[in-house]
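Let's take a look around this protein together. Have the sequence and the 3D view ready, and follow along residue by residue.

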Amino acid sequence: MATSKKTEEQPDQDTAPVQPEMVDITELCKRHGIRAAVFAGVCTVQDWKSGKAVSEKEFLAAVKQFTGTPMKARKKANGT
């Protein structure tokens with residue numbers, strides 16, 4: 001009976017780091033239905049330019065951070 005043995009020439013697939021897929025931010029915006037204003041805000045805050053490629057996880061985290069940030073106006077000093 002033949003058994004399969006791992007050799008030094010065959011690295012264990014579980015130990016090899018998995019690189020996340022890098023996708024253009026415009027494609028991710030379309031894929032997740034992000035509104036233009038939110039996308040523009042995320043790009044501004046993250047300093048992302050057209051053509052930037054990031055992982056889907058990084059993109060969604062940036063959108064979540066941006067949309068979760070309060071955008072309240074400061075109160076005026078005279079109380080109005």
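Tryptophan 48 and phenylalanine 59 are both buried, where buried means under 20% relative accessible area, exposed over 50% and partly exposed in between (1.4 Å probe, protein chains only). Before going on: this is a predicted model, in which local features need pLDDT of at least 70, side-chain atom pairs count only at pLDDT 80 or more, and totals for chains, interfaces and linings use all residues. Residues are numbered from 1 along each chain as its sequence is written, and side-chain values use heavy atoms, leaving out hydrogens and water.

How many aromatic pairs does a search of the whole structure find? It finds 1. Rings of Phe, Tyr and Trp (its six-membered ring) pair if their centres lie within 6.5 Å; planes under 30 degrees apart count as stacked, over 60 as edge-to-face and the rest as tilted. The rings of tryptophan 48 and phenylalanine 59 have centres 6.3 Å apart and planes at 20 degrees, so this pair is stacked.

Now for two polar contacts, meaning N or O atoms within 3.5 Å; within protein, one must be able to donate a hydrogen and the other to accept it, and residues adjacent in sequence count only if both atoms are side-chain atoms.

| Side chain | Backbone nitrogen | Distance |
|---|---|---|
| Serine 55 | Glutamate 58 | 3.1 Å |
| Aspartate 24 (side-chain oxygen) | Threonine 26 | 2.8 Å |

Serine 55 is itself buried, with a relative accessible area of 10%. Leaving aside neighbours within four places in sequence, serine 55 is in contact (heavy atoms within 4.5 Å) with Pro20, Glu21, Met22 and Leu28.

Terms used
Helices (H or I, at least four residues) and strands (E, at least two) are DSSP runs, numbered from the N terminus.
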